Amino acid sequence: MWETEARITDAELEVMEVLWQGEDLTLAQVKEAVSARKGWSGDTVKTLLRRLLEKGAVVQEKRGVYHYRPLVSREALGDYKTSALIDKLYAGSAKDLVAALVERRQLDREDVAELRDLFDRLWEEKRGEET
């Protein structure tokens with residue numbers, strides 16, 4: 001299900017971040033943006049783009065010059081990375097992850113209140129679908 005997302009490295013993620021902001025960028029634009037963010041050479045960026053193409057994470061289209069756009073959304077990658085983190089560090093327990101965030105004071109009262117509202121809204125939606 002998440003074959004492509006699982007294979008995206010942290011370095012490739014830097015290129016994806018640029019593509020998600022522009023959605024249809026030339027090679028020169030991608031190189032410039034990644035170089036500004038990370039200070040990487042154009043050759044490094046080109047190599048990362050080639051790898052992303054091979055993995056099916058981006059598509060390349062020649063229109064005079066090459067244009068690139070992402071095939072993997074930020075949301076899909078975030079879902080995969082979150083699930084992988086929960087599985088790896090919390091034995092698959094999202095509750096343990098949230099508890100760790102609260103215990104380490106990563107979530108304040110306002111965050112917890114927003115999460116409670118989200119849980120309540122999702123619970124009501126689920127109940128409405130079941131009837």
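Trainee: In which helix is tryptophan 20 found?

Mentor: Tryptophan 20 is found in helix 2. Please keep in mind throughout that this is a predicted model.

Trainee: Is tryptophan 20 buried or exposed?

Mentor: Tryptophan 20 counts as buried, because its relative accessibility is 10% and the cut-off for buried is under 20%.

Trainee: What is tryptophan 20 in contact with, leaving aside its neighbours within four places in sequence?

Mentor: With those neighbours set aside, the contacts of tryptophan 20 are Leu13, Pro70, Val72, Ser73, Arg74 and Leu77. As for arginine 74, its C-alpha atom is separated by 7.1 Å from that of tryptophan 20, although the two residues are 54 apart along the chain.

Trainee: Staying in helix 2, what about glutamate 12: buried or exposed?

Mentor: Glutamate 12, which is also found in helix 2, has a relative accessibility of 1% and therefore counts as buried. Leaving aside neighbours within four places in sequence, glutamate 12 is in contact with Arg7, Leu48, Arg51, Leu52 and Lys55.

Trainee: Leucine 52 is in that list. Which residues is leucine 52 in contact with, beyond its neighbours within four places in sequence?

Mentor: Leucine 52 is in contact with Ile8, Glu12, Val15, Met16, Ala57 and Val58. Leu52 is also among the residues with the most contacts inside the largest nonpolar core, together with Val15, Met16, Leu19, Val30 and Leu49.

Trainee: How many residues does the largest nonpolar core have?

Mentor: The largest nonpolar core has 19 residues. The elements that give two or more residues to this core are helix 2 (10-22), helix 3 (27-38) and helix 4 (42-55).

Trainee: Which helix gives the most to this core?

Mentor: Helix 2 does, with five residues. As general background, nonpolar side chains tend to be buried together in soluble globular proteins.

Trainee: Changing topic, how many helices and strands are there in the chain?

Mentor: The chain contains seven helices and three strands. Along the sequence, they follow the pattern α-α-β-α-α-β-β-α-α-α.

Trainee: Is the chain compact or spread out?

Mentor: The chain is more spread out than a compact globule, because its radius of gyration is 19 Å, well over the 14 Å that the globule rule gives for 131 residues. Along the principal axes, the C-alpha atoms fill a box of roughly 55 × 40 × 25 Å.

Trainee: And what percentage of the residues count as buried?

Mentor: Of the 131 residues, 26% count as buried. The accessible surface of the chain comes to about 9,200 Å², and 50% of that belongs to carbon and sulfur atoms.

Trainee: Among contacts between residues at least 6 apart in sequence, what percentage join residues at least 24 apart?

Mentor: The value is 54%.

Trainee: Now the strands. Where is threonine 26 placed, and what does it touch?

Mentor: Threonine 26 is in strand 1 (residues 25-26). Not counting residues up to four places away in sequence, threonine 26 touches Val65, Tyr66, His67 and Tyr68. With 16% relative accessibility, threonine 26 counts as buried.

Trainee: Tyr66 is in that list. Which charged end sits over the ring of tyrosine 66?

Mentor: The charged end of lysine 62 sits over that ring, 4.9 Å from its centre. As for aromatic pairs, the structure holds zero.

Trainee: Where is arginine 63 found?

Mentor: Arginine 63 is found in strand 2 (residues 58-63) and counts as partly exposed, at 39% relative accessibility. The C-alpha atoms of arginine 63 and serine 41, which are 22 residues apart along the chain, are separated by 24 Å.

Trainee: One last topic: which residues other than glycine have a positive phi value?

Mentor: Among them are alanine 91, with phi near 50°, and arginine 105, with phi near 60°.

Trainee: Where are alanine 91 and arginine 105 found?

Mentor: Alanine 91 is in the loop between helix 5 (74-90) and helix 6 (94-103), whereas arginine 105 is in the loop between helix 6 and helix 7 (109-130). Alanine 91 is exposed, with a relative accessible area of 76%, and arginine 105 counts as exposed at 72% relative accessibility.

Methods. Residues are numbered from 1 along each chain as its sequence is written. This is a predicted model: local features need pLDDT of at least 70, side-chain atom pairs count only at pLDDT 80 or more; totals for chains, interfaces and linings use all residues. Side-chain values use heavy atoms; hydrogens and water are left out. Rings of Phe, Tyr and Trp (its six-membered ring) pair if their centres lie within 6.5 Å; planes under 30 degrees apart count as stacked, over 60 as edge-to-face and the rest as tilted. A charge sits over a ring if NZ of Lys or CZ of Arg is within 6 Å of the ring centre and within 35 degrees of the ring normal. A nonpolar core is a set of buried Ala, Val, Leu, Ile, Met, Phe, Trp, Tyr and Cys residues joined through side-chain atoms within 4.5 Å. Buried means under 20% relative accessible area, exposed over 50%, partly exposed in between (1.4 Å probe, protein chains only). Helices (H or I, at least four residues) and strands (E, at least two) are DSSP runs, numbered from the N terminus. Contact means heavy atoms within 4.5 Å. The radius of gyration is taken over C-alpha atoms; the globule rule is 2.2 Å times the number of residues to the power 0.38. Accessible areas come from the Shrake-Rupley method with a 1.4 Å probe; for residues, only the protein chains shown count as cover.
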